[in-house]
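Q: Could you take me on a close look at the salt bridges in this model, and tell me how exposed the residues that form them are?

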Amino acid sequence: MSDLDHMLDAMRAMPTDARLAEIDGAVIAGVARRREQAVARRSLALAGLLAIGIGWAGTILPAAPAQASPLPIGMSDYAPSRLLGQ
């Protein structure tokens, strides 16, 4: 056991690596980046669920019954055939 104590004392006396002083900033930046990714993921999931809910509600509760238009699609009052009286 005394060998272990001597080894730990020797390790304690050794100088620390200079890179360890900068590790706090890197860890905090990593945590902030992961938090931002989680918020973005949650926001995207919420937007998707909201879109699905609105689409589902729109199919279940239609605003008005569907009706065919009396005019063919694309025929306006300014079409050449109408302007020429045909």
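**Salt bridges and their surroundings**

A: Happy to! Let's begin with Arg19, which is exposed at a relative accessible area of 63% (exposed means over 50%, buried under 20% and partly exposed in between, using a 1.4 Å probe and protein chains only). This is a predicted model, where local features need pLDDT of at least 70 and side-chain atom pairs count only at pLDDT 80 or more, while totals for chains, interfaces and linings use all residues. Residues are numbered from 1 along each chain as its sequence is written, and side-chain values use heavy atoms, leaving out hydrogens and water.

Arg19 forms a salt bridge with Asp17, their closest N and O atoms lying 2.6 Å apart. Here a salt bridge is a side-chain nitrogen of Lys or Arg within 4 Å of a carboxyl oxygen of Asp or Glu. Asp17 is partly exposed, at 36% relative accessibility.

By this rule there are 2 salt bridges. Another pairs Arg12 with Asp9, with 2.8 Å between the closest N and O atoms. Both residues sit in helix H1 (residues 2-13), 3 residues apart, which means about one helical turn separates them. Helices are DSSP runs of H or I with at least four residues, numbered from the N terminus. Arg12 is exposed at 63% relative accessibility, whereas Asp9 is partly exposed at 40%.

As for H1 itself, the helix is hardly covered, with 0 buried residues among its 12.

How values were computed
Helix = DSSP H or I, 4+ residues; strand = E, 2+ residues; numbered from the N terminus.
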